[in-house]
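Please study the sequence and the model shown below. Work through each exercise before reading its solution.

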There are 2 protein chains.
Amino acid sequence: MKKDYTVVGKNIRKLDAIEKAMGAATFTTDIKLPGMLYGKVLRSPYPHARIVKIDTSKAEALPGVKAVATYLNTPRVKFNTSATSTFTIPPLQPVEDQYVFDSVVRYVGDEVAAVAATSKKVAEEALELIEVEYELLPTVFDPLAAMKEEAPSLHHCEAGKNVPGEKIHIEMGDIELGFAEADYVFEHTFKLPVQKQAQMETQAAVAQVSVDGKVTVWSTTQTPHPSRRILATIFGLPYSKVRVLNPPYIGGGFGVRIGLSAKAEPIALALAMLAKQPVKVVYDRKEDFIASDTRHSGYVTVKTGVKKDGTFTARKIMGILNSGAYCSWSAETPGVLGAMGLSIYYCPNQMYDGHSVYTNTTPAGAMRGFGNPQGMFAVDSQVDIIAEELGMDPMEIRRKNIMRPGLPWVLPYPCQSSGLEECMDLGAKAIVWDQRGKQNQDSDTIRRGIGMAIGTHVSNAWPFCGDYSNAYVTVQQDGSIQVASGVPDMGTGTITTLSQMAAEVMGIAFGQVGITFADTESTPFEIGSHASRTCYASGTAVVAAAQDARKQVFEYAANMLEVTPGELDIENGIIYSTLTQEKNISLGQVAMEAHLRGQQFIGVGRIIPQNAPPYLAHFAEVEVDTETGKVRVTKMVAAHDVGKAIHPLIVEGQLEGGLAMGIGYALSEEIKYDDRGRQLNNGFHKYMLPTAMDIPELEAIIVEAEDPTGPFGAKGVGETGLVATAAAIANAVYDAIGIRFFEIPLTEERVYRALKERK
Amino acid sequence: MKKDYTVVGKNIRKLDAIEKAMGAATFTTDIKLPGMLYGKVLRSPYPHARIVKIDTSKAEALPGVKAVATYLNTPRVKFNTSATSTFTIPPLQPVEDQYVFDSVVRYVGDEVAAVAATSKKVAEEALELIEVEYELLPTVFDPLAAMKEEAPSLHHCEAGKNVPGEKIHIEMGDIELGFAEADYVFEHTFKLPVQKQAQMETQAAVAQVSVDGKVTVWSTTQTPHPSRRILATIFGLPYSKVRVLNPPYIGGGFGVRIGLSAKAEPIALALAMLAKQPVKVVYDRKEDFIASDTRHSGYVTVKTGVKKDGTFTARKIMGILNSGAYCSWSAETPGVLGAMGLSIYYCPNQMYDGHSVYTNTTPAGAMRGFGNPQGMFAVDSQVDIIAEELGMDPMEIRRKNIMRPGLPWVLPYPCQSSGLEECMDLGAKAIVWDQRGKQNQDSDTIRRGIGMAIGTHVSNAWPFCGDYSNAYVTVQQDGSIQVASGVPDMGTGTITTLSQMAAEVMGIAFGQVGITFADTESTPFEIGSHASRTCYASGTAVVAAAQDARKQVFEYAANMLEVTPGELDIENGIIYSTLTQEKNISLGQVAMEAHLRGQQFIGVGRIIPQNAPPYLAHFAEVEVDTETGKVRVTKMVAAHDVGKAIHPLIVEGQLEGGLAMGIGYALSEEIKYDDRGRQLNNGFHKYMLPTAMDIPELEAIIVEAEDPTGPFGAKGVGETGLVATAAAIANAVYDAIGIRFFEIPLTEERVYRALKERK
């Protein structure tokens with residue numbers, strides 16, 4: 001049932017737009033406090049070593065140095081920089097394998113010590129005066145090698161050699177029977193690269209400790225409440241004595257700071273405690289590359305049983321991901337890879353086995369898509385292989401097998417909505433799918449192709465970890481409202497979207513909404529911004545709070561108007577009886593009347609979200625230069641079932657951003673290591689992000705298959721933009737040059753070599 | 001029923017103690033923002049004048065000047081600097097008689113213009129460049145004169161010539177019959193001086209307007225939420241776009257900033273809007289004297305009918321107070337004077353008539369006691385006169401007539417508790433009342449005397465204006481809690497007291513409580529700190545919120561322990577069954593378990609307070625130097641029924657502070673005006689505050705007649721300390737030298753003249 005909304009669905013100016021356009025928005029790096037010091041970190045030059053001796057005396061003696069922190073004078077409490085320790089669902093236990101500083105370093109960039117000084121320059125000078133004697137330890141960089149008996153153990157592991165947490169096993173139906181029923185069985189292994197979030201703002205935190213021990217930390221975290229929990233635990237403080245907040249803006253996130261901002265917060269806080277002065281720690285770009293989570297690289301094997309007519313009878317996926325030196329989100333990511341990879345198609349017999357493996361590389365953690373882009377590159381590359389083998393059109397084989405509402409799947413929540421087929425149809429029309437195979441190939445060297453891929457994702461973190469949200473909506477005496485939610489806005493439009501929903505429920509203008517956010521002291525517990533959840537889950541909490549407030553308002557107004565609450569509605573701030581036109585009163589009048597009688601309408605929303613599947617179909621048109629191996633995407637169409645676009649422009653922005661990131665994943669982005677565990681391309685000059693020149697015409701198509709569990713029917717949209725992009729491009733490249741790639745990115749070098757090999 | 005509390009009743013270290021002792025606490029004057037300007041105000045040199053012409057061009061041209069504000073470029077919206085506009089109870093209407101700047105000035109110090117500049121010095125220079133042409137208007141300085149037909153009208157008034165708001169009339173029984181039944185009728189008129197709050201920190205505000213129009217104001221206000229309402233109304237903004245907060249500390253208040261901090265907030269905000277830069281306005285001490293509310297001076301007439309045995313049969317009080325040039329709290333103050341003056345004694349036939357009158361002097365507003373010290377000076381001076389006439393001991397006549405629980409009075413709430421008689425008994429014992437009249441008078445010139453007086457007060461603002469409170473108590477995942485209340489802490493220990501109550505209800509240690517306060521953005525609506533209400537009313541809201549959270553905790557824990565919620569109790573953070581010793585679990589475990597299942601315990605307290613009478617008996621021992629007229633208080637005993645002392649040291653501090661302020665009121669403090677309406681003593685060098693040298697041994701005695709309506713039985717204690725002090729001292733002076741004073745302060749000059757006159 002489509003309803004005519006007055007605020008929801010409208011492209012209202014984003015709440016942060018003017019501040020950001022005018023350069024007035026405050027980010028963590030902008031924070032200056034009286035007496036604030038600058039912290040810098042000494043990082044390990046070795047991929048695996050024991051610190052035999054560390055002498056900080058010369059550094060401490062340098063004028064301007066106020067504190068030097070090492071494993072010797074900081075808490076010996078293990079933690080996980082990710083928020084997993086905050087909401088791993090029992091009986092699973094969070095993997096806590098890090099200290100602020102440890103006597104063993106496990107990757108190049110691992111924290112050895114940190115200095116707080118009166119200037120960045122002095123701090124950097126002091127780092128060079130710290131004398132460290134290392135005993136080198138054996139190393140391993142590849143996850144397959146790290147699983148072997150002879151590999152060095154990076155941490156104590158229960159589930160297997162170098163396996164953090166528990167192995168994931170998912171099963172539905174009878175996999176053996178499924179393969180037995182198949183006419184053909186296909187099995188392929190795909191290799192995935194290390195991608196970097198490359199968010200605009202590097203990891204940063206400012207920590208202040210009051211003279212009586214109360215802690216305030218401003219940071220780039222995507223999750224203030226979970227961050228508070230981690231910090232309070234490390235430093236042994238009651239949670240209520242630690243305040244974590246955004247300042248309030250964050251220059252992007254893409255998953256890189258779900259939990260702590262790498263170690264910016266605990267290092268800043270440890271230094272602030274030692275120096276008894278506020279300390280700012282801002283990672284430089286190199287640090288952000290080498291010592292801050294990346295996307296998981298690894299291997300994904302897909303084995304599919306299929307009937308002659310293209311019906312899938314069995315699918316087995318195996319994923320082995322490279323955790324890097326610490327766990328971060330490595331226990332959860334393989335789960336999302338498997339569950340999403342299995343859930344895009346209906347298949348009665350399914351199985352997934354997957355896990356991560358520690359290696360002596362930069363830790364991998366959460367990144368937009370969270371395992372799903374890895375899995376979908378594999379799955380939807382293979383589906384095209386199968387289609388070709390069976391002589392089917394890629395659209396046709398997908399249409400035959402896609403998941404549809406009501407069908408069983410491996411997820412613990414039902415599929416209640418799907419606009420996937422509509423996405424496929426609209427996307428095919430926009431890319432002119434019918435021209436596939438009939439493209440103009442009039443150049444000697446340029447080959448053109450079209451490809452597609454589909455995908456789904458989540459709208460919040462459950463069931464992969466806990467997810468819930470709380471919010472307040474208080475009605476002010478003039479009828480304006482104040483929303484309070486602990487969720488940050490990383491630039492994704494969260495506060496605008498939440499304010500729109502609150503305004504819609506309350507029946508007031510958007511401009512009447514104020515919002516308090518991203519501060520543990522002024523908001524109830526909220527998981528934070530990740531898992532495509534802010535609109536869906538935080539939004540549901542805000543809607544619940546607004547509904548609670550609205551209920552109180554209607555009860556009060558009904559009394560004033562001498563009608564029943566049930567007959568009341570509100571529009572443009574006017575509460576009116578739907579039965580009698582004369583009976584109406586403004587929200588401001590009701591709020592003021594209640595105020596003068598001693599009452600404020602305070603709505604509290606407490607929700608545990610369901611989950612809902614967004615769907616997407618991506619279409620890529622590419623040109624491959626057969627002389628150079630250069631792949632150019634000339635057009636991309638992304639048709640997304642977002643449930644309901646609360647703010648269509650924000651949704652389009654999310655999709656376009658995801659597409660760009662997906663193009664980078666497909667074509668150019670990869671962190672490589674040398675044989676001593678050192679990143680070869682730890683900066684924007686070597687790490688090949690797609691630039692504006694690389695981005696083709698992008699067409700985002702919004703499909704709205706409203707989900708009954710979402711606020712106004714909305715589903716998650718933050719990550720979907722890149723889920724199927726790499727597969728769609730790889731399939732288009734195949735269409736262009738007939739070469740199937742089992743590894744991305746499709747760099748000039750890789751494509752060139754493949755072309756050469758074929759010749 | 002006395003209960004053994006673990007946190008309540010204990011002298012825990014105040015939450016703000018260390019920060020203040022270390023100089024680390026932040027006050028409004030400490031705030032520095034990037035690009036912040038300094039605002040200074042041009043004030044009228046005339047007591048009543050029309051601005052014929054104002055030329056700001058030269059000021060604007062001065063380098064460094066960023067804005068000049070006058071009535072010509074600031075909002076033409078009338079308001080009241082007090083919070084009365086926020087919670088006057090209908091059908092009464094708040095008196096709104098001020099603009100930020102007006103074209104008429106009505107007292108010496110009234111605001112003419114203001115400048116924002118890059119430094120205070122430049123701003124001050126610019127003030128001198130503003131050219132103003134005034135047309136002088138007729139003036140009136142005495143309230144009795146201002147009521148006369150021929151007096152100039154300062155404002156349009158409905159209730160009578162120069163009468164702001166409505167006249168107060170209170171009545172019980174049959175006053176004529178009461179006087180007819182009396183054996184004697186006494187009538188006396190008393191004259192009260194202008195006292196100044198003389199709080200440590202002068203009025204101050206910093207206003208910031210974001211590029212998209214959102215307003216943040218840090219200020220010294222005692223009432224952030226009501227202040228926000230006033231500012232939003234003046235500047236035509238939705239309340240949700242205005243944030244008002246303390247920074248978070250305030251250097252005292254004593255009523256001087258219930259509502260706005262004089263005009264610091266609107267002037268700073270007007271300048272910030274004009275300059276498009278943040279602006280700080282800090283009143284200097286002289287401005288704080290001449291342009292910030294004082295206590296009401298005026299006249300109080302008491303007429304009492306009494307039987308031969310000392311029983312009161314009728315009492316009529318009349319109060320005429322000097323409002324000064326604007327209303328501020330002048331509509332409410334006469335009501336408190338009357339209601340309290342009538343309620344300390346039981347008398348079946350009572351009447352009060354009172355009101356304020358506009359004059360061309362500095363506005364009078366709220367000051368600790370709020371009319372009550374004025375009335376009680378009159379009432380309890382007269383009671384001593386009556387006692388002497390009837391040959392009764394002052395203790396005896398009071399004991400015969402004091403209000404007792406269950407008896408009728410003029411207040412709309414019942415008297416449900418009284419420790420007054422115990423206060424009288426303990427106080428009399430401490431001062432050695434039996435020695436009265438038998439004191440050592442061995443000096444030629446020094447005469448010694450003992451006097452007493454009693455009093456009562458309120459525990460919140462109702463019924464004189466609206467009063468309600470809301471609070472949140474959220475349980476963190478470790479079992480620590482976060483309290484959120486919009487109430488400020490002016491140094492009175494509010495946050496400590498509220499945290500104690502929350503800890504007690506939740507059964508946890510004091511150190512486990514965090515508190516968010518005094519910020520409109522992070523707390524639900526709360527009236528603020530005044531009317532002796534923070535412990536009683538804000539406390540009741542916090543207790544209600546904690547009880548709500550505790551109920552949720554017990555329900556959850558009962559499920560975990562497989563017991564009923566009703567059998568659970570909590571101590572030291574351990575929830576246990578009162579029936580089965582084995583069944584127990586820590587609050588932290590329950591909170592974490594709930595967290596992992598998607599629930600936070602969020603308690604919301606929403607209360608409309610009752611009211612409860614604190615009681616007090618003050619005893620003063622004085623020496624009067626008959627050669628110089630110098631009165632020295634040698635000892636004061638203050639026995640107070642505070643219901644329940646949540647934090648005895650804080651209570652004693654409040655009592656001692658009140659006593660010191662009362663000693664000043666009795667002996668030395670008075671703002672005087674010359675015949676051109678100029679204050680003669682607008683600074684600490686001329687306004688005679690009692691210093692440490694003037695303060696005698698003070699003995700505070702705490703009596704705890706718990707009131708059923710108060711949190712843990714507590715009643716208000718913020719103002720009681722000075723209610724009866726002046727009367728007790730005047731009565732002691734009479735005992736020493738036999739001269740009855742009908743006017744305070746009892747300065748050397750006044751006493752000397754009276755001694756000389758008698759000779």
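**Exercise 1: Residues in loops**

Pro248(A) lies in the loop between strand S11 (242-245) and helix H8 (264-275) of chain A. The model is a predicted one.

Task. State which residue is joined to Pro248(A) by a cis peptide bond. Then locate Pro463(A) and Ser328(A) in chain A.

Solution.
- Step 1. The cis peptide bond joins Pro247(A) and Pro248(A), and its omega is about 5 degrees.
- Step 2. Pro463(A) belongs to the loop between strand S16 (446-456) and strand S17 (469-475) of chain A. The peptide bond leading from Trp462(A) to Pro463(A) is cis, with omega near 10 degrees.
- Step 3. Ser328(A) occupies the loop between strand S14 (312-324) and helix H10 (333-343) of chain A. Although Ser328(A) is not a glycine, its phi is positive, at about 45 degrees.

**Exercise 2: A sheet in chain B**

Task. Give the order of the strands in the open sheet of chain B, and explain why one side of S3 and of S11 is left without a neighbour in the sheet.

Solution.
- Step 1. The open sheet of chain B has 7 strands in the order S3-S5-S1-S12-S9-S10-S11, with mixed pairing.
- Step 2. Strand S3 (65-69) and strand S11 (242-245) of chain B stand at the edges and have a single partner strand each, so one side of each lacks a neighbour in the sheet.
- Step 3. On average, neighbouring strands of this sheet are turned by 20 degrees against each other, direction ignored.
- Step 4. Strand S9 (residues 204-209) and strand S12 (residues 279-282) of chain B run antiparallel and are joined by 4 bridges. Ala205(B) has Val281(B) in S12(B) as its bridge partner.
- Step 5. Helix H4 (residues 120-129) of chain B packs on the sheet and touches strand S1 (37-43), S3 and strand S5 (111-117) of chain B. The direction of helix H4 makes about 30 degrees with that of S1(B).
- Step 6. Helix H8 (residues 264-275) of chain B lies across S1, S3, S5, S9, strand S10 (215-219) and S12 of chain B, at about 30 degrees to S9(B).

**Exercise 3: Domains and interfaces**

Task. Into which domains is chain A divided, and how many salt bridges cross the interface of domain 2 and domain 3 of chain A?

Solution.
- Step 1. Chain A is divided into domain 1 (17-24 + 468-607), domain 2 (31-137 + 200-252 + 257-290) and domain 3 (298-462 + 611-758).
- Step 2. The C-alpha centres of domain 2 and domain 3 of chain A lie 35 Å apart. Their contact takes 23 residues from domain 2 of chain A and 24 residues from domain 3 of chain A.
- Step 3. About 1,900 Å² is buried between domain 2 and domain 3 of chain A, 64% of it from carbon and sulfur atoms. The number of salt bridges across this interface is 0.
- Step 4. Between the chains, 50 residues of chain A are in contact with 50 residues of chain B. The area buried there is about 4,500 Å², to which carbon and sulfur atoms give 54%, and the count of salt bridges between chain A and chain B is 0.

**Exercise 4: A salt bridge in chain A**

Task. Which residue forms a salt bridge with Glu111(A)?

Solution.
- Step 1. Over all chains, the whole structure holds 74 salt bridges.
- Step 2. Glu111(A) forms a salt bridge with Arg43(A), with the closest N and O atoms 2.8 Å apart.
- Step 3. Glu111(A) is in strand S5 (residues 111-117) and Arg43(A) in strand S1 (residues 37-43) of chain A; the pair, 68 residues apart, links distant parts of the chain.

Methods
Residues numbered from 1 in each chain as written. Chains lettered and ligands numbered in written order. Predicted model: local features only at pLDDT ≥ 70, side-chain atom pairs only at ≥ 80, totals over all residues. Heavy atoms only, no water. Pairing = 2+ DSSP bridges. Helix = DSSP H or I, 4+ residues; strand = E, 2+ residues; numbered from the N terminus. Axes fitted to C-alpha atoms, helices over the stretch in contact; angles between N-to-C directions. Contact = heavy atoms within 4.5 Å. Domains from an automatic or database assignment. Buried area = accessible area lost by both parts, 1.4 Å probe. Salt bridge = Lys/Arg side-chain N within 4 Å of Asp/Glu carboxyl O.
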